[in-house]
Amino acid sequence: MSAKNIRIRGIVQGVGFRPQVYRLARTYSLTGWVLNREDGVEIHVEGSDDKIQEFAAALRDQSPPGASIRSIEALETEPTGCRDFIIHPSAGNDRPTAGISPDLGVCVECLSELFDPDDRRFRYPYINCSQCGPRFTVIEALPYDRRHTTMRVWPMDDFCSSQYSDPADRRFHAQPLACSECGPHYYLRTATQDSVLRRDWEAIQESARLLRSGRILAVKGLGGYHLACDARNDEAVSELRERKFRKEKPFALMGRNLEVLRTWVHLSAGEEELLLSPARPIVLARARSELPGVAPDNRELGVMLPYSPLHHLLLGAAAPALLVMTSANRSSEPIAYRDDDALQRFSGLADAFLMGERPIARRVDDSVVRYGPFGPSLLRRARGYSPRAVVDLPVEKPILALGADLKNTITLVVDGQAFVSQHIGDLGQAAAFEAFRETVDDLLTMYDVDRKELLVVGDAHPQYASTTYGRTLRGRQHRSVQHHRAHLASVLAERRAWSERVAGASFDGTGYGDDGTIWGGEIFVGSLEEGLKRVAHLRPALLAGGDAAARHPVQAAAGFLRQLQDPPDFSAQPFSFPERFDRAIRLLSGKVRVFPTTSAGRLFDAAAALLGFTRPVTFEGQAASWLEHQAARDADPYPFPFGEGELDFRPLLEAVIEDRLAGKPVAWIARAFHRAVASGLMQALSQICARHGLGTVVLSGGVFQNRLLLKELRSLLADEGIQVWTNQQVPPNDGGISLGQAALAVFGRFDEPRKLAGREP
Ligand code: ZN
Ligand code: FE
């Protein structure tokens, strides 16, 4: 007879961990107890050595799908003669730092009950258990308890409460538990008539019929509303684009099952695994057949599987097998999640509303993942991932990192755990800025942070809305971190590499530089501990009109092209640049509203413009994405020489122009351009590694969302024997900035902003 005390940390609360421990203890005939602690789960078991061994192994192998174990510690202890195995009430929670679980897709067991006519929860859209269902989107406060969720207004009936209180039941302590007798319901209505058309199953059937007939529906989901229509109905899709003011940005798709998705996209084993994971993200995968209305000029489609019981019911009720499921918003506003707001905002947009009575506690978008050359990469981190702690940072005091203004997220560090918020959006939008402020308050309140102790850190850009907001948080220390250092720091933080020295390329569209110019093609050397020193960059060009140039590739191109020898007439064939280009050139000559930049994103824009993308972009990064999807299978790289700390774009763009004038195919030129950027960057990085005695390279920033560029870089850097680190848990785009800011703040590596510059480089 022996005994062990086992402590488990990670996401182990709100995912059915204790009932699983209980069942395993019974399976191995062990006695003892289990309880939730503020930092995880503690178990005491007694029995034979063998059985305890097997039990401990099973804890890891058979943990519930939503659990994520960070550490298991087992210590020998004295047997106390326990007779049973019991689940103790939680230990007094002072500081709620045990991770809040993200929302979990409906599990297999619940799903089979959902379609079982003999089950009490047959066709009940709010079915869930301790291993699946809503979490972050129903939690109003901690500790995670029924009374702290949006389910508190529906008291459980006897049936549900007997399951809730039975440790042997799959639904033991399933906080959002309900059934059709005692819980909330779904109904169908229009925006204008304040009357319910249909309820429950009839509402779902009618919704499916409306979708089949080409209508647009607003559907309430876990973290907000979706706008849905039949993806194969071109008229419905273009109608949705028009009503939503969304010109070209791709729509996400939901397919009835994997078989359906497989007919539309190529799926690797890794991509299927992502689709089926409890987070159920949108996966960007290579299209088999084009759906031009859904994703114009794009060789990829964003696909996902049904994740809430309602989705399964809707698709099971003969809705079209492939639905457009896009966030309910106009243009780039935040997703709607409150009923009255949704009804008001989409009255002219959705033909009908499929609404559920359970309120959504906070807005959480669908996450977007792509399986790239370096493994899965999150492009938008939200539902299914947030607010999971990304890493333990070596710090005791709380830190609030405010991120950047585009693709904003915030990071709150409490007791060292870095909680990265869900995707918030572009703070230039008033509604998104409001959402940003709500999220700051939400996280600070949820984790009960002592605001007097708080260190606030923001981007070094003096005019960012997030920076300005940070300064209004009075009485707290406010510091800045430079944008591109934050990108690289986000990768180092994910790897827990505090002191490892690396060379890092931080390539994106725009970020405020140390010298007040617009950076975006920067190479640094250093570590989190010693800080990151800029050692090289893209050759500077002038940007006419500042940020406006980011919306017009030809305007961005002007500053790059005017540095070339003997440029051709760009208003003539094959370039046919519009008038805006000449206006930009005049601005540059007059030196009015021109800003020096080293932005790699704008270099991609310039190349896209030369290859025919001469219209304005309708969403961030569109021209670069267009260029990537134009590229053919093979081509030799153009020159992109590195020397004196500068990557010189002139020979590169001259080669593009020459081949374009010679009538070479756009696909070929686009590929040669990508290969040039990869090989130029590789040369720069390997020279810098050699000079500084480094063996690891870090890549971050929005430019590295480009799968083709990463693929080229991976093979080149592997040949050189250099190890490459990219983002895995937070996005390489500005969604990762807040984590990087927090990590540099831990080591006191701040940058103080200087005045905006408007001079020639
Ligand atoms: Zn379940
Ligand atoms: Fe950035």
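**Reading the model**

Tutor: Arg496 is placed in the loop that joins helix 13 (483–494) to strand 23 (502–512); helices (H or I, at least four residues) and strands (E, at least two) are DSSP runs, numbered from the N terminus. This is a predicted model, in which local features need pLDDT of at least 70, side-chain atom pairs count only at pLDDT 80 or more, and totals for chains, interfaces and linings use all residues. Residues are numbered from 1 along each chain as its sequence is written, chains are lettered from A and ligands numbered from 1 in the order in which they are written, and side-chain values use heavy atoms, with hydrogens and water left out.

Student: What is the phi of Arg496?

Tutor: Most residues other than glycine have a negative phi. Arg496, although not a glycine, has a positive phi of about 55 degrees. Arg280 also has a positive value, near 45 degrees, and sits in the loop between helix 8 (269–276) and strand 11 (282–286).

Student: Is Arg280 buried or exposed?

Tutor: Buried means under 20% relative accessible area, exposed over 50%, and partly exposed in between (1.4 Å probe, protein chains only). Arg280 is buried because its relative accessible area is 14%. Arg496, at 46%, counts as partly exposed. Across the protein chain, buried residues make up 62% of the 761 residues.

Student: Which peptide bonds are cis?

Tutor: Most peptide bonds are trans. The bond from Ser386 to Pro387 is cis, with omega near 5 degrees, and Pro387 lies in the loop between strand 16 (375–380) and strand 17 (389–392). Another cis bond runs from Gln573 to Pro574, with omega near -5 degrees; the loop between helix 14 (553–561) and helix 15 (579–590) holds Pro574.

Student: How many helices and strands are there in the protein chain, and what is its radius of gyration?

Tutor: The protein chain has 21 helices and 31 strands. The radius of gyration is taken over C-alpha atoms, and the globule rule is 2.2 Å times the number of residues to the power 0.38. For 761 residues, a compact globule would have a value near 27 Å, and the 27 Å of the protein chain agrees. Along the principal axes, the C-alpha atoms fill a box of roughly 90 × 60 × 50 Å.

Student: Where is Arg714 found?

Tutor: Arg714 belongs to helix 20 (residues 707–719). At 40% relative accessibility, Arg714 counts as partly exposed.
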